[in-house]
Amino acid sequence: MIETKAIDLLKAMSERLAAARALSFTALVTYEAPSRLGPALAYTTRSEVLMQRPDKLRVITLGDGPASEFYYDGKTMTAYAPADNLVAIAAAPATLEATLQTAFDTAAIYFPFSDVLFTDPYRNIAEGLKQAFYIGQSRVIGGTVTDMLAYVNDHVFVQIWIGAEDKLPRLLRAVYRDDPLRLRHQMELSNWQLAPAVAADAFTTPKATAAVPISFAHPAGQPGQGLQPPTRGKPARAQSTKP
């Protein structure tokens, strides 16, 4: 079952995001990971995101793990680890989407809000779409009225809250269809700014010059453990080694 109202809302959200030449938001991501006791544990990251189309991105991330900073200025991508003062710098493709793919392929770097940054967010949602239906309205998410809907594609079941007036995504909850544990992944998007003021040096960092250089590489030498490429249009599947 694919309801027209649900599709219309998803397309309206996609068009609003795609029309923004620059945007910023806060992404609060909570994901579950198995524990030795059985019930899942929850871990959280918070990312401050600034994007300028077609070739600029800054992501500053804090959370239950090492802090990280990622910069893309149209020519190079830079990943900086503040705690260890390590930096990886590499030449990058000419577009944001290609750079996100390269970051994943070379170092398993993937942001769960990648779809928001793409030129056509709906394209990834629609890939393998099986069901989409409207649930109703909420007045408690994001401090505004939102439309609730759910959709299922080949990979994931997602419930999403979209601003009724501004058509911006406010909350997403996802469960992967091939996950036997049915672990939940939640992403809250807030502090939206469309067409924010962007400083000329916003997509580079002076910290890189004093940091210890390293190469982009997959964690522990294992390509893409627990992650899926951005081109598949899936929210991030994070793993944890904590008990």
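## A twelve-stranded open sheet in a predicted model

The strands of this protein form an open sheet of twelve, in the order β7-β8-β9-β10-β11-β1-β2-β3-β4-β5-β6-β12, with mixed pairing. β7 (131-138) and β12 (212-214) stand at its edges, each with a single partner strand, so one side of each has no neighbour in the sheet. Neighbouring strands are turned by 20° against each other on average, with direction ignored.

This is a predicted model, in which local features need pLDDT of at least 70 and side-chain atom pairs count only at pLDDT 80 or more, while totals for chains, interfaces and linings use all residues. Residues are numbered from 1 along each chain as its sequence is written, and side-chain values use heavy atoms, with hydrogens and water left out.

Some terms are needed here. Helices (H or I, at least four residues) and strands (E, at least two) are DSSP runs, numbered from the N terminus. Two strands pair if DSSP finds at least two bridges between them. Strands of a sheet pair through backbone hydrogen bonds, either parallel or antiparallel.

### Strand pairs

| Strands | Bridges | Sense |
|---|---|---|
| β7 and β8 | seven bridges | antiparallel |
| β8 and β9 | seven bridges | antiparallel |
| β4 (residues 68-72) and β5 (residues 76-81) | four bridges | antiparallel |

Within the last pair, Tyr 71 stands opposite Thr 78 in β5. Helix α1 (residues 4-19) packs on the sheet, touching β1 (22-33), β7, β8 (146-152), β9 (156-163), β10 (169-176) and β11 (184-194). A contact means heavy atoms within 4.5 Å. The direction of α1 makes about 80° with that of β7; axes are lines fitted to C-alpha atoms, for helices over the stretch in contact, and angles run from 0 to 180 degrees between N-to-C directions.

### Strand β8

A hairpin of three residues joins β8 to β9.

### Pro 121

Pro 121 lies in helix α4 (residues 121-126). Its relative accessibility is 2%, and therefore Pro 121 counts as buried. Leaving aside residues up to four places away in sequence, Pro 121 touches Ser 14, Leu 17, Asp 115 and Val 116. Ala 18 is 103 residues from Pro 121 along the chain, yet their C-alpha atoms are separated by 7.5 Å.

### The whole protein

The protein has five helices and twelve strands. Its radius of gyration is 18 Å, close to the 18 Å that the globule rule gives for 243 residues, so the protein is as compact as a globular protein of that length. This radius is taken over C-alpha atoms, and the rule is 2.2 Å times the number of residues to the power 0.38. Buried residues make up 48% of the 243 residues. Among contacts between residues at least 6 apart in sequence, 53% join residues at least 24 apart.

The protein averages a pLDDT of 89, and 90% of the residues score at least 70; pLDDT is the predictor's confidence in each residue, from 0 to 100. Over residues 221-243 the pLDDT is below 50, and this stretch has 58 contacts in the model beyond near neighbours in sequence.

Methods. Buried means under 20% relative accessible area, exposed over 50%, partly exposed in between (1.4 Å probe, protein chains only).
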